[in-house]
Amino acid sequence: MDSELLATCSALGYLEGAEYHREPDCLESVKDLIRFLRHEDETRDVRQQLGAAQILQNDLLPILVQYPQDRALFDAVVRLMVNLTQPALLCFGKVPADAGSRHHFLQVGSYLQAYKEAFASEKVFGVLSEKLYDLLQLDWEQRQEEDALLIERILLLVRNVLHVPPDPSEQQLVDGDATVHDRVLWALHLSGMDDLLKFLASAQAEQQWALHVLEIISLMFRDQSPQDLAVLGQSQAGAEHREDTRELQSLRQRELAEKRTRALQRPYRHSRFGGSYVLQGLKAIGDRDVVFHGGLHKLKSYSHDLGKEPRRVPRRRQAAPEAELRHRSARNVRLFLRRFCQDFLEGCYNRLMLLVKDHLVRERAQQHDETYYLWACAFFMAFNRHRGFRPELVSETVGVRAFQFMERNLTTYYEMALVDKKEAVTWARRMHLALKAYQELLLTLQEMDRSPEPAVRDSSQVIKSNIFYVLEYRELFLALFRRLDEAQHPRSFLRDLVETAHLFLRLLQRFCRARSSLVVQSKRVRRKKQPRAPAAAAPQPPSAEELQGLWAGLAPQLQACLQGEVPLPEDLVPFDAASETPVEEQRAEALLRIQGCLRDARVPQALRLLRAARDVWPEGDVFGPPSAGPSEETQLLQDILFAPLPQHAPPEPEEPEEEEEEEEEEEEATVQVSEKEFNFLDYLKRFACPPVVRALVLVLRGYPHNSARTNHCAARLLHRLARDLRMEPLLFQLSLFALFHRLLQDPAAGAHQELVALARFVLGKFFALAATNKKAFVELLFWKSPAAAREMTEGYGSLREGEGAARSRAPPWTPQEEQELRELYWKYKEVEGLDVAGAILAQLPAPGRSRRHLVKHLVHLGLIGSARELPRLRKGTRIVLWTQEQEEELARLFEEFRGSDDVLGRILQHLTARRSRARVVDKLLALGLVATRAELYKRHRRKGQGPVPGAAAALVQDPSEDGDSEEEEEDEEDEAPMEGAEEGGGQGLAQRLHQEGLAGPLRWLQSCLRRTAGDREEDGTSHPVPLVPLSEENEDAMENRSFQALLRGLGLRPPESEQETFWRIPAALTPRQLRRAAASITPLGPDPLGSPQELPEPPQCPQDPDPASPQPLDSESEEPDPSPVQPHTKRQRDLDSEDEASGGSSLALVGGFMGAPLVPAPLGWVLSPFPAPFRPSAARRG
């Protein structure tokens, strides 16, 4: 023991004989012990040391008994004992899993059992009862707060002592011996504490102690049976004698039968050689018959499993243990408890249960306190029923509201057991309590039907009419049977479930017989599937005349908005920084939104969006210059209105995978409540399912140990299924037949005549069916549904379409269709890149089949292992591999169009199998037809033709590229950052950031790009490199929107997930591209936002051609200039060549932000950085 703790315990006092002498500082020492307990560690070391020193037995209890007049010392001692005796589960929170903590847990439990034995003293409970009596004599105005605390602590102390679990050694005591718990109860009774508890339960002024009293009463009757207590008295001797006689007779019959069997097995003469025999028809490991060494009397016990180690059952699948074992207490204790029950029912039950129910409903109780209420209902209602039924004594807990409360708690525990897997066993125990209470309610209704008073019988009919009318009460037992888990629920729960279900069915059947018709509530869940909206066709753009008329109507509104007469909305934002959409696509989206507002006659919104977009994207004057006036804004809005902007294509509905096809359509579930006429046989058919039959067989496996009531209920339920429903094949199961065999061979089978009659009935029906159906013996291996049972008797395939468990919306498969399905599968199986399921579905002649039914039947036929083997092919990935013919076709097309201006475009137009640009380029490189990607660039002929004015011309896309833009977006995601870096300029945004004071972060970014380029040249490998800002200035710049836009334009990748924090330089960027990107962010001059024609001439490398000189027409000369400040990028040169090829009729495209091409998947169009037509001055010059 710790030295300080030892000194504190020594300062309490000492025991001399039967008298205890306290020390002067005894009170302070008790308070110090309380303080020590408050600061103990997780192993509860202080509690263990005090328990080992027996401080409670040797010091605290003598102080309590000899010094009750010292109020301060008495309060402190009671407070300390409440702390010491609290349950071990409260000390540790839960049962520890590790061995060390589990040892400490068990050690604390052993000390608690020693404390309980010390409390089995009349003197201790006498002092507590006298103190509690004195406190209860005080009126509420005289009672202080300290008095209320002391009352509560005394009740908690009694609760803690009664809560201590019994010692495992006491489980071996015979019935009638007094356990420690019995001695504590007897001491409690002699002290008069039981009378004080009844007073607290019935007094009007002591309502706040209702839950404490109910908890103490539940612990008092923990090991008791209400039936045994009720019959105790005059007929006790006869009842117990009959029960004991029945058990002894059963054991005697079994013993005599075993003796007769051994006598028959004994040979006539002694022989040391038992003999060897060949068992014909029973094969050994090989092909020969088994050779049996031993006497013939041992032949019946032979099995192939002899000598094998039993298979270990995993812990998670082991059967749940029983909660408590019943123990018959000493007779005097049971007599005292019986009198307590009678007095409690007559004077306290209804009032106490009303108060507790009120606390539970108003949520003024602690968590799970409703379990005490459920136990009290089950126990005292059973006692009242067996003692001599008096309905007025339990009227508070009999009624529709009581059924509703039980059903709600039972359903809650049932759902929590499914959700909270770790505490499933605890929830199962609470569910068992609720089931017992529900069973007692039904038994009480049954007793009310037998009452001689008409008013009681009428009340029972009213309650049953309300219960049977509601659907939830009828579906409760079906749900419990279907979700029964043997690893969570003990056998006692299963027995109570079978008895309660049998009682409910019997009450319901009698209630239906007493009426010609019964109308009940019916709920039907309607799931209205909302069909997918068909792909909407692209709306036709308005004609020029319609646009002219629309603009004429919008002009006055626009003038009013420009003059400030109409307020502009403030909640329109064209840019979303948190969106995953790139900045370039958001700029294109802003133009479409402005045009949409204009065509919908929402002029204020259009003007507000235009000005907001101008603030977000000032570079290039796409939305006008910053100093644009009303006339320029009017002209700009007119150009946007008349521009043929590509509208959003309706998104193609993406087909889900096979596993999610059940949820491919939105379902709108609505519960429709109606009424219908009840049919008992239709309701009984709901119990004709394998889970119910399996549960009944599981109960009957323990028929020797079950009560006669349990065996009767299980047999009656099986009889209802087999005889009333004429579904005998439901019981044709091998495990049930093995149970019947064991029953018929049991010497004590005479005590189970009902089970024997059921076994003979089922076996007779089976052998009669086996004479005509030779497959009946195979059917013994499976649990059967009603449809399978019907097929066994009427013939396989006798079910009409739409009947049985096999009913479905799709028509059944015929042998001819299955053969055709096999041929189609083998035909399309080896085709590369083909959607096999889609191709088969298109060739099937029979309509009404879905892809899901087709794949499921392929799995059923064994052609595929699972539905994952036939996934749906995504768009753009239908053809992945190249055949030899396709490679030869590609080489031929390359030689044919090698001298054309657009080699790649011509090849894509003439390819038989449609492929993306990226796939074709990769294949050309793999075949060695080209050395670099630059050889596939378009060749351009430059002329001095200026741009075509007009806003409409800036937004028209060349139709030659429209066909491949969408697929290029899908298949070149990994190349997008590289293209952006290759083609990006970024001078305007870099100059703007430089003017905003971000010159330092720009230099840091340049050094990172150049250093990464050098590292990749030296190593020869490329890996993503994170940009880690070490200074506060660089960190602030990384959070700047414009700086992030610059990073995106350079091809850098933002963080993709929560695990990434920094931007990264992709591995796809080559050292040359990184150096070009670093050079592109160098500030150019004082006017970066001007027109491209006003930019200074960039410095040129010696190997670069003069931009003013004419370019040759070969492919090598058309490689883009690596200069990052080149006025015309590759995309613009492409457009120039297209303008020339079309004779100047086609208009210039608007390129991507910072020079990078913008190809959004749904739009397929491109914006350029500095569109001259969108500048009002250029438009006026045009």
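## Terms and model

Two strands pair if DSSP finds at least two bridges between them. Helices (H or I, at least four residues) and strands (E, at least two) are DSSP runs, numbered from the N terminus.

This is a predicted model, in which local features need pLDDT of at least 70 and side-chain atom pairs count only at pLDDT 80 or more, while totals for chains, interfaces and linings use all residues. Residues are numbered from 1 along each chain as its sequence is written, and side-chain values use heavy atoms, with hydrogens and water left out.

## The chain as a whole

The chain holds 48 helices and 8 strands. Of its 1182 residues, 46% are buried. Buried means under 20% relative accessible area, exposed means over 50%, and partly exposed lies in between (1.4 Å probe, protein chains only).

Contact means heavy atoms within 4.5 Å. Take the contacts in the chain between residues at least 6 apart in sequence: 73% of them join residues at least 24 apart.

## Two hairpins

Strand S1 (residues 13-16) pairs with strand S2 (residues 19-22) over 4 bridges, in the antiparallel sense. Glu16 has Glu19 of S2 as its bridge partner. The two strands, S1 and S2, form a hairpin with 2 residues between them. Gly17 sits in that turn, with a positive phi of about 70°.

Strand S3 (residues 276-283) and strand S4 (residues 289-293) also run antiparallel, joined by 5 bridges. Val278 stands opposite Val291 in S4. The hairpin from S3 to S4 passes through 5 residues. In a regular strand, side chains alternate between the two faces of the sheet.

## Helices H9 and H10

Helix H9 (residues 145-163) meets helix H10 (residues 180-191). Their axes come within 10 Å and cross at roughly 155°. Axes are lines fitted to C-alpha atoms, for helices over the stretch in contact, and angles run from 0 to 180 degrees between N-to-C directions. The crossing makes H9 roughly antiparallel to H10. For such angles, under 35 degrees counts as roughly parallel, over 145 as roughly antiparallel, 65 to 115 as roughly perpendicular and the rest as oblique.

H9 contributes Val158, Val161 and Leu162 to the contact. H10 contributes His181, Val184, Leu185 and Leu188. By class, that is 6 nonpolar residues, 1 polar and no charged ones. Here Ala, Val, Leu, Ile, Met, Phe, Trp, Tyr, Cys and Pro count as nonpolar, Asp, Glu, Lys and Arg as charged, and the others, Gly among them, as polar.

## An enclosed helix

Helix H22 (residues 491-513) has 23 residues. From its first C-alpha to its last, H22 reaches 33 Å, close to the 33 Å expected at 1.5 Å a residue. The expected span of a helix is 1.5 Å times one less than its number of residues. In H22, 19 of the 23 residues are buried, so the helix is largely enclosed by the rest of the structure.

## Buried polar and charged residues

Glu440 lies in helix H19 (residues 424-449). It is buried, at 5% relative accessible area. Beyond its neighbours within four places in sequence, Glu440 is in contact with Ala378, Met381, Ala382 and Arg385.

Asn1034 belongs to helix H44 (residues 1032-1038). Its relative accessibility is 9%, so Asn1034 counts as buried. With neighbours within four places left aside, Asn1034 is in contact with Gly1000, Pro1001, Trp1004 and Pro1029.

## The loop between H29 and H30

Glu728 is in the loop between helix H29 (708-724) and helix H30 (734-744). Glu728 is buried, at 15% relative accessibility. Leaving aside neighbours within four places in sequence, Glu728 is in contact with Ala722, Phe761 and Lys765. Glu728 and Arg790 are 62 residues apart in sequence, and 9.5 Å apart from C-alpha to C-alpha.

Arg726 is found in the loop between H29 and H30. At 68% relative accessibility, Arg726 counts as exposed.

Most residues other than glycine have a negative phi. Arg726 is not a glycine, yet its phi is positive, about 55°.

Gln54 also has a positive phi, near 55°. Gln54 sits in the loop between helix H3 (45-52) and helix H4 (55-66). Its relative accessible area is 38%, so Gln54 is partly exposed.
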